[in-house]
Amino acid sequence: MKIVIVGCGRVGAFLAGLLDSGGHDVTIVDLERGSFGHLPASFKGTTLMGNGTDLEVLRQAGIDKTDAFFTLTQGDNRNLMAAQVAKQVFGVKQVIAKVNDPIRANTYRKHGIVTVSRTSILGTLLEAMLMGDPEVGKVLVEKARAHEAEMAEQV
Amino acid sequence: MYFVIAGGGEVGFHLAKALLEAGHEIMLIESDRRRAQFIEEHLGSVVLNAPADEGRYQVEAGCQRADAVIAVTGEDPANLVICQLAKWKCNVPRVIARVNDPKNEIVFKALGIDETISSTRVLMSVIEQELPSSGFLPLMPLTGSHLELIEAEIGPNTPSAGKTVHALGLPRGTAVGGIVRKGNVLHADDDIRLEVGDRLVILAPTKDEAEVRKALS
């Protein structure tokens, strides 16, 4: 798959690393060159410096041909704008935005943008771990720990 | 009318001040505490110190009864989200967004924000008004009408020189208020012949501006 990711912070770089090692064609966009330092050394995809809400930058990233688009910057509003541009202007089928404010995440989901809130997901997971709830997040935690171990080995 | 302004920078502050002076009711939402305090000291209790991009604060600011929400922060993504939330959560009938990067005007339109203001575009139109080559200056719109005031100079080598005002063939609903010749005002009588360098003060429907321009060229 061809995948475009906006925002090369810890989450963006982590996801880019996973997808890249899974054999996908990844382009990652960030405003600052220094952010690409978060990427694993093994990353073979494309890095592009620019604003992920800018139509020209997105075209350069190959948004016209992308199968999936993730917007994972630190700013909720920037992610929501980039996601809407990808979906409504460029017609990308799979669009996911990181929106840390749970209420905004909920509102935009109702308006057709798939949103993921770190706040509500991590909060729900931590509560389940404390309560010994075996269902919530068991697979997720195991997978995440496996990825962490792989990354630690590479360093 | 009741207006909610999101963002208390220079634009938001002066807009709030102007709307208050015009007799409107306003609420300004500003997230920075010190800036909010500064505005309150100057304009009174019309400030909500909160982030405008969260629905509950829009509700607290009374957006449900607002005639319009105007988002004028320095961040385009924030202005977009503020306007969308105001429409979706509070059913605000009219939302206006400031667009800092003129490229975003098309984006905002595509995402359902019909009214945008770009300071770059406003400045461009001012600069274009002052280009010496034109000799045709739309001066100002007249409030409460679809009319505007135009100043037009009769340039050299234009067919309008030597014609009477009547012979210009200005569109219907247009009036020539006066002719300025060598610093004096002349009545725009039908029999006066226009000379190069004359400046006409014209009242015209805004939609006919192009036609007026053509009649004078």
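The model is predicted, so local features require pLDDT of at least 70 and side-chain atom pairs count only at pLDDT 80 or more, while totals for chains, interfaces and linings use all residues. Residues are numbered from 1 along each chain as its sequence is written, and chains are lettered from A and ligands numbered from 1 in the order in which they are written. Chain A contains six helices and six strands; helices (H or I, at least four residues) and strands (E, at least two) are DSSP runs numbered from the N terminus. In chain B, six strands form an open sheet with parallel pairing.

**Chain A: overall fold**

- Along the principal axes, the C-alpha atoms of chain A fill a box of roughly 50 × 40 × 25 Å.
- Of the 155 residues in chain A, 36% are buried; a residue is buried if 20 or more other C-beta atoms lie within 10 Å of its own, exposed if 12 or fewer, and partly exposed in between, with C-beta atoms placed from the backbone.
- Among contacts in chain A with a separation of 6 or more, 47% join residues 24 or more positions apart; a contact requires C-beta atoms, placed from the backbone, within 7 Å.

**Chain B: the sheet**

- The strand order of the chain B sheet is E3-E2-E1-E4-E5-E6, where two strands pair if DSSP finds at least two bridges between them.
- Strands E3 (47-49) and E6 (115-118) of chain B stand at the edges with a single partner strand each, so one side of each has no neighbour in the sheet.
- Neighbouring strands of this sheet are turned by 20° against each other on average, direction ignored; axes are lines fitted to C-alpha atoms, for helices over the stretch in contact, and angles run from 0 to 180 degrees between N-to-C directions.
- Strands E4 (residues 68-71) and E5 (residues 95-99) of chain B pair in the parallel sense over three bridges, and Val69(B) stands opposite Val95(B) in E5(B).
- Helix H2 (residues 33-43) of chain B packs on the sheet against E2 (25-30) and E3, its direction making about 165° with that of E3(B).
- Helix H4 (residues 76-90) of chain B also packs on the sheet, touching E1 (2-6), E4 and E5, at about 175° to the direction of E5(B).

**Contact between the chains**

- On the two sides, 15 residues of chain B are in contact with 16 residues of chain A.
- H4(B) provides the largest share of the chain B side, seven residues.

**Two residues of chain A**

- Asp76(A), in helix H3 (residues 76-89), counts as buried because it has 23 C-beta neighbours inside 10 Å.
- Beyond four places in sequence, Asp76(A) touches Val99(A), Asn100(A), Asp101(A) and Arg104(A).
- Leu125(A) lies in helix H5 (residues 118-131) of chain A and is partly exposed, with 16 other C-beta atoms within 10 Å.
- The C-alpha atoms of Leu125(A) and Gly137(A) are 6.2 Å apart, although twelve residues separate them along the chain.
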